Each structure stands twice: as structure tokens, then as C-alpha cells.
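Colleague: I am new to this structure and would like to learn how to read it. Please take me through it one feature at a time.

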Amino acid sequence: MQISVVIPLLNEEQSLVELYNWIVKVLRSNSFSYEIIFIDDGSTDGSWRTIEALSENDDRVKGIRFNRNYGKSQALHAGFLKAEGDVVITMDADLQDNPEEIPELYDMIIKDENDLVSGWKKKRYDNVLTKNLPSKLFNAAARKTSGVKLHDFNCGLKAYRKEVIKNIDVYGEMHRYIPVLAKNAGFYRITEKEVQHQARKYGTTKFGVNRFIYGFLDLISIWFLSKFGRRPMHLFGALGVLMFIIGFVTAGWIGLSKLYKLYHGIPNILVVDNPWFYIALIVMVIGTQFFLAGFLGELILRSKRDKERYLIKKTTPNI
């Protein structure tokens, strides 16, 4: 199979049939072998009924339904597990991503031998203050922190070599950082393609300004995990040892200073009246805690087991 189109969605009943027809028209006109996987992330409208109807009429349409809303990352994770195509295309279900881009994205993976191609919505039809400006700041920070030179990390329209999506773990809210996860997994041929952004035709956006706040927090998390995720002792242990040594040396200096003054008959205050004694004590305690945190992190890393992060309520018979 050449292409798997993975589409996470939440309450997009109005757009699904139109999106399906558009995708099928493009794929059939280019003679692609394909499958379309819809992941219903806890919709409360008729989205799942529409997916079932599409699947009954076309066995290349497959559906996964969550029992509640778990988020886009979990939906993509479920879709990636089921995808069988050599190239996996992800896109949103709100008709703002243009399926006409799929053939060129496919060629950029197969012919140009890229691992991942990310869409770049250079011209956007979103609110400037609430989406465009925060998005520019977010993307600038992501480029600086991750070293992945993409203009638009948030674009839902992306193409992946199959090996990429089978070897990365998309969790939490990390769907924004799949290119970074891919780079950390050793897939370095990452590029972008300028894509057409469509104005929203139905409904309203499911994301608010708070997604950028969460995005920055996730960016810090992924930076930390990429550097110290496999060796937490390298960070916490080093900090702990350093702080303990500083505290120990300070406490030793206080003790020696006290003995020196006593030996030479110089008036001196009690050690417990010296504020530096308590500072040294606190630094040693914090250092010990950092060291223990690193040690516990190593133990957890070695004993962790994979767990299902979502509950699938129903699937179409052909999946």
C-alpha cells in the first residue's frame, strides 16, 4: 500500500463527507493505493455515524472511536499503530488542509528520500492576535530550542516515511513536536513544504490560546527528555553532588573558622547563630534530594512498562 491518510477529529460531522470525497478524488486521479483512517476523539455529534457509513460504502475507509476525548496526540498514536501505507499523511478534518498537496508530499518522501515533510502554512486565514502572532513566537522558540528548522510545527498536514511513525511515541500533547521526536529517534532528513491554508468552512476551532501555553511547557519537557530522558542521573546526580559539595565545604569553613577563633581567643558567635550554617545545611539537603531524584529516575526508567493511554470504544469491522 502506498499511502495511509490518518485524520484525527472531534465534532467534524459536517465536513467529513466532503473531505472524504476530496481525498478520494485526488488519490484515485493519481492511481495511488491507499487507506483512510479516521480517529474519532470522543465526538458528541454524528461524526462516528458518518465514519461508519463511509466505511460501509468503501472498505478502504477505517475508523477508530475513543470512548471520550483524549487529545490529538493519542488519536494520532492510535492511527499510527494501524497505518499500513509506505507513506503516512496526517491532516485535520476541518477542510483547512488541502488534499491536493498529497501527491507532492508523497514524492518528497519517496523520490527525494526524506523521512518527514512538514506543511508550512505561510499564508494563514486565522485571527492575527489570537493565533497567527502566538504561532510565530511559538515556532521561533521551537526552532531555537530543538534545532529543527521548520517554520510551522503546528501544521496538521505532514507526510512521514512509515518507519518514522512506527518508531516514535506520540504521547501527552507532543503531536506538535513529532519532527523533534523523529530527529531524536535518528531520522534527520526532515524538510518542509509550503502548503495552501483553507479558511474554515464549518464549525469553530477546537483550540484556544491556551494551547500555546501548553505548547511552551511541552517544549521544555521535550528539550529535557531529549537531553536527559535516558540518563536522568546525568542531570540530577551532577546537580546533587555539586550542591552537596558546596554545602559541605561551606559547613567545613564555618567549623574551621570557629576552631581558629577559639584557639586564638577571638570572640565568636555560636555556630547555630551563624546564618551561613543553615544555608550550608539547606544546600546539602537539596543536593541529597537531587541525587535521590536522579537515582529514582534511573530506577523508574529501567522498570517502566507500556500502558494504554486511551480506551477504544469501537472500530469499523475492516480495521
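Modeller: Start with two terms: contact means heavy atoms within 4.5 Å, and helices (H or I, at least four residues) and strands (E, at least two) are DSSP runs numbered from the N terminus. This is a predicted model, in which local features need pLDDT of at least 70 and side-chain atom pairs count only at pLDDT 80 or more, while totals for chains, interfaces and linings use all residues. Residues are numbered from 1 along each chain as its sequence is written, and side-chain values use heavy atoms, with hydrogens and water left out.

Colleague: Which residues of helix 1 meet which residues of helix 2?

Modeller: From helix 1 come Glu 13, Leu 16, Val 17 and Tyr 20, and they meet Ser 47, Arg 49, Thr 50, Ile 51 and Leu 54 of helix 2. By class, this contact has 5 nonpolar, 2 polar and 2 charged residues. Here Ala, Val, Leu, Ile, Met, Phe, Trp, Tyr, Cys and Pro count as nonpolar, Asp, Glu, Lys and Arg as charged, and the others, Gly among them, as polar.

Colleague: At what angle do helix 1 and helix 2 pack, and how far apart are their axes?

Modeller: Two packed helices are described by the angle between their axes and the distance between the axes. Axes are lines fitted to C-alpha atoms, for helices over the stretch in contact, and angles run from 0 to 180 degrees between N-to-C directions. For helix 1 and helix 2 the angle is about 25° and the axes are 8 Å apart. Helix 1 is therefore roughly parallel to helix 2; angles under 35 degrees count as roughly parallel, over 145 as roughly antiparallel, 65 to 115 as roughly perpendicular and the rest as oblique.

Colleague: How many residues are in the largest nonpolar core?

Modeller: A nonpolar core is a set of buried Ala, Val, Leu, Ile, Met, Phe, Trp, Tyr and Cys residues joined through side-chain atoms within 4.5 Å. Buried means under 20% relative accessible area, exposed over 50%, and partly exposed in between (1.4 Å probe, protein chains only). The largest such core has 33 residues, and Ile 3, Val 5, Ile 7, Ile 36 and Phe 38 have the most contacts inside it. Elements giving two or more residues to this core include strand 1 (3–9), strand 2 (34–40) and helix 4 (102–110). Helix 1 gives the most, with 6 residues. A second, separate core of 32 residues includes Val 88, Phe 138, Ala 142 and Leu 150.

Colleague: What is Ile 7 in contact with, leaving aside its neighbours within four places in sequence?

Modeller: Its partners include Leu 19, Ile 23, Phe 38 and Met 91.

Colleague: Is Gly 237 buried or exposed?

Modeller: Gly 237 is buried, at a relative accessible area of 6%, and lies in helix 9 (residues 232–263). Beyond its neighbours within four places in sequence, Gly 237 is in contact with Pro 232, Phe 290 and Phe 291.

Colleague: Where is Ile 269?

Modeller: Ile 269 is in the loop between helix 9 and helix 10 (275–303). With a relative accessible area of 45%, Ile 269 is partly exposed.

Colleague: What is the phi of Asn 11?

Modeller: Asn 11 has a positive phi of about 55°, although it is not a glycine. Asn 11 lies in the loop between strand 1 and helix 1 and is partly exposed, at 27% relative accessibility. Leu 95, also not a glycine, has a positive phi near 70°. At 5% relative accessibility, Leu 95 counts as buried.
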